[in-house]
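Take a walk through this structure.

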Amino acid sequence: MSTTSAEPVVAPSPAPTASTPPPTPPRARRSSGGRGFGARASVIAPPMAVLVVLLGAWYAVSIGLAASGKGFLMPMPHEMFTLGFFDPQVGADIWIALFRTTGVALTGLFVAMVLGIGWAIAMSLARWVERSTYAYAVMLQCIPILALVPLVGFWFGYEFLARVIVCVLIALFPMVSNTLFGLQSVDKSQRELFRLQKANKWTVLTKLTLPAALPSIFVGMRTSAGLSVIGAIVGDYFFRRGEPGIGSLIANYQSRLQSAELFAAILAACLLGVAIFAFFGWLSKVAVGRWYDSTL
């Protein structure tokens, strides 16, 4: 009798389905992380390289002026910190003055935002308001602010109120122009849709034009934020009464030829403007960043 040996039955391996992606090789994972680091480095490296070049040029000019006996014209970059921020008396004066200037700038910015948005809304709702008043907004922007500062001090004094008015005069026009541009840039088909539904002007404003204008409004806020800091410093620099701000401090250091302290105060004012600008940029992303695409 012949015997037959049973062969083992091997189950076929399941075919890969389209819904199951193949595993990512380890090399691909490491390369993606490298690309992420490279992308971050490509963003950080250019401004850092420019900063190094600027500091090198600054040191070269400072050394050349010091050799000719005119070192007071441009101190070394590190002297802004050793003789400015890190000096107990000078550092305290700078931060206290910066705090007062911040209060003036934020107050003027808030007033400019309220007046500018309200003015733009009125012009968008009534064409006769735009035809009657927009030219004066342009004229207000074109008048040199240094020509108005003496009049503001003569009429309103030389303290907090006058400085706030200077901030408003400088920061008002960007709020008006950007808000009006956003309100008038709504898609025509969407306006027609609201008109077919017989919506009144208030409904169109609150449900369509004002939400659609938010990106432009935040652009105006960022622009006015920097200008309000400039207005506060200009008011401090020229009025020099009441509680001194960073502008008054800059004027004092200039008159005493304290160049290191002067540059430290200027740097502090610059950082204040950048901080307020960055805050409104962050606020814009929080408010409209999820649904607004700036590339459209």
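The structure holds two salt bridges. A salt bridge here is a side-chain nitrogen of Lys or Arg within 4 Å of a carboxyl oxygen of Asp or Glu. This is a predicted model: local features need pLDDT of at least 70, side-chain atom pairs count only at pLDDT 80 or more, and totals for chains, interfaces and linings use all residues. Residues are numbered from 1 along each chain as its sequence is written, and side-chain values use heavy atoms, with hydrogens and water left out.

Arg-163 pairs with Asp-236, with the closest N and O atoms 2.8 Å apart. This pair links distant parts of the chain: Arg-163 is in helix 6 (residues 160-184) and Asp-236 in helix 9 (residues 214-239), 73 residues apart. Both Arg-163 and Asp-236 are buried. Buried means under 20% relative accessible area, exposed over 50%, and partly exposed in between (1.4 Å probe, protein chains only).

Arg-127 bridges to Glu-130, and here the closest N and O atoms are 3.0 Å apart. Both residues lie in helix 4 (residues 127-142), three residues apart, about one turn of the helix. Arg-127 has 51% relative accessibility, so it counts as exposed. Glu-130 has 16%, so Glu-130 counts as buried.

Now the whole chain. The protein chain has eleven helices and zero strands. Helices (H or I, at least four residues) and strands (E, at least two) are DSSP runs, numbered from the N terminus. Of the 296 residues in the protein chain, 33% are buried. Among contacts (heavy atoms within 4.5 Å) between residues at least 6 apart in sequence, 71% join residues at least 24 apart.
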